[in-house]
Amino acid sequence: CGVFGVIGVADAANFVALGLHALQHRGQEAGGIVAHDAEQGFNSAHRFGYVRDNFTKQSLMETLPGALAIGHVRYSTAGTKAATAIRDVQPFFGEFAMGGCAVAHNGNITNALALRRELIERGSIFQSSSDSECIIHLMARSIQRNIPERMKDALRRVEGAFSVIAMTRTKLIGVRDPLGVRPLVLGRIGDDGFVLASETCALDIIGAEFLREIEPGEMVVISKGEIESSRPFGPSTGRFCIFEHVYFSRPDSIIGGRSVYETRRQIGVELAREAPVEADLVCPVPDSGTPAAIGYAHESGIPFGMGIIRNQYMGRTFIEPTEQIRNMGVRLKLNVNRALVKGKRVVLVDDSVVRGTTSRKIKDMILDAGAAEVHFRIASPPTAWPCFYGVDTPDRGKLLAAQMSEEEMREWIGVDSLAFVTLDGLYRAVGEARGRNNACPQYCDACFSGDYPVAPFDQLERGFRM
Ligand code: 5GP
Ligand code: SF4
Ligand code: MG
């Protein structure tokens with residue numbers, strides 16, 4: 001998901017709409033905005049579909065006045081899978097004795113089932129199936145006298161990944177979980193306006209200046225042009241999601257002081273060193289494989305070309321909630337540039353293999369178009385474990401790499417060769433010259449290593465074996 005909030009600008013909701021539009025890649029199912037105005041109080045709108053199709057309408061934006069607003073774009077990783085209900089769309093809102101509070105959450109709470117059970121037993125009335133709603137109910141039960149303190153109480157009980165943006169009548173609040181699994185950045189706009197966003201690309205779109213990242217385990221409370229920082233969870237070392245670098249974030253964002261584009265290009269360089277092959281053409285599987293393909297081509301000296309063309313009017317296929325839509329999606333989204341690939345030995349570069357359906361279909365399309373050989377190079381290690389921290393990987397049983405060896409995968413996909421970047425290669429690409437520190441890993445890489453930095457309580461209860 002993507003979160004965005006702004007304080008201290010006129011018509012804040014319009015800025016939120018733009019910010020969410022820049023974060024649309026993080027969630028395409030639905031979006032919501034809550035705004036606060038001194039006279040008109042809190043107002044909200046929650047809609048299915050793209051930001052640009054909803055939050056551009058003047059008639060809707062007029063209902064969201066005020067100088068303080070937050071928003072959320074959703075991609076369901078928890079809650080009802082098949083049909084997202086509008087009541088699952090964030091931000092969530094709660095009315096407390098000291099005033100209202102809206103909360104937008106990116107990540108996934110790993111003890112949400114247990115918390116929900118406990119809260120319902122004690123009288124909470126849940127409105128949605130979302131794990132994030134726990135935060136509001138935990139806040140309601142806190143005995144603290146102000147909302148930031150209640151939020152600290154609530155988040156101390158929550159396990160897992162959370163980058164949260166919240167607002168009261170006068171404050172904009174941002175919090176990152178102790179591991180800082182999901183991103184969250186701080187920016188400045190105008191004279192005394194401030195912005196919180198999942199990624200820096202959302203600051204760029206509104207012309208905000210990037211100040212810094214919110215640190216793992218940090219809370220900031222912004223009001224009247226002042227920022228107050230605290231550490232509600234005690235000291236911690238971050239384990240940022242390495243997959244944000246591989247796929248999830250936008251390439252024009254800066255994360256951990258690094259350009260995501262440059263990291264991806266560097267993964268391609270590592271891949272070319274680790275898994276060279278004789279070929280005529282390096283083609284990305286667009287868009288997610290493009291920077292790595294550029295790196296592979298550059299390092300190997302094999303010409304780069306767009307052998308697969310992407311229809312710009314399709315969204316991210318993986319983020320469609322049902323299997324059927326995803327299966328159709330590959331063909332709706334990608335087509336082979338026949339004139340380019342005919343007769344050539346092609347290196348295809350993609351960011352990841354999850355179920356393997358994309359790779360298999362693309363291989364068919366490329367061979368149909370007359371390619372002589374197809375060599376797959378993947379810019380991440382085999383995805384053998386599900387993510388429980390906010391990226392929607394399927395059950396282990398559906399992960400190709402959990403079922404097969406690399407050679408079996410090569411055969412199943414049907415290509416001449418298949419290679420994945422190593423975990424150390426990936427760490428080198430994100431700037432860790434010595435690779436992964438196995439005693440104390442610098443990132444979360446659980447989907448590749450099975451090393452889960454937070455025990456996935458709910459999943460263990462459901463029978464998941466680590
Ligand atoms: P597959 O067809 O193997 O299941 O999916 C792999 C494709 O899904 C890749 O092209 C990758 O870009 C894309 N993808 C989209 N979202 C995700 C995600 O959340 N996780 C992973 N691993 N790949 C994703
Ligand atoms: Fe990111 Fe993978 Fe960790 Fe999930 S399991 S947070 S996708 S690195
Ligand atoms: Mg892709």
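## Exercises on a predicted model

The shell around ligand 2 consists of Val-181, Cys-241, Ile-242, Phe-243, Cys-387, Tyr-389, Val-391, Cys-444, Asp-445, Ala-446 and Cys-447. The model is predicted.

**Exercise 1.** Which elements give two or more residues to the shell around ligand 2, and how many of its residues are nonpolar, polar and charged?

Solution. Step one: the elements are α8 (242-248) and α17 (446-449). Step two: sorted by class, the shell has 10 nonpolar residues, no polar ones and one charged residue.

**Exercise 2.** Is strand β8 (residues 172-176) largely enclosed or open?

Solution. Take one face first: Leu-172, Gly-174 and Arg-176 are buried there. Five of the five residues of β8 are buried, so the strand is largely enclosed by the rest of the structure.

**Exercise 3.** Find the pairing partners of β8.

Solution. Strand β7 (residues 160-167) pairs with β8 in the antiparallel sense over five bridges, and Ser-163 stands opposite Arg-176. Four residues lie between β7 and β8 in this hairpin. Strand β12 (residues 219-223) is also antiparallel to β8, joined by four bridges; here Val-221 is the bridge partner of Ile-173.

Conventions. Residues numbered from 1 in each chain as written. Chains lettered and ligands numbered in written order. Predicted model: local features only at pLDDT ≥ 70, side-chain atom pairs only at ≥ 80, totals over all residues. Near = placed C-beta within 6 Å. Nonpolar A, V, L, I, M, F, W, Y, C, P; charged D, E, K, R; others polar. Buried ≥ 20, exposed ≤ 12 C-beta atoms within 10 Å, placed from the backbone. Pairing = 2+ DSSP bridges.
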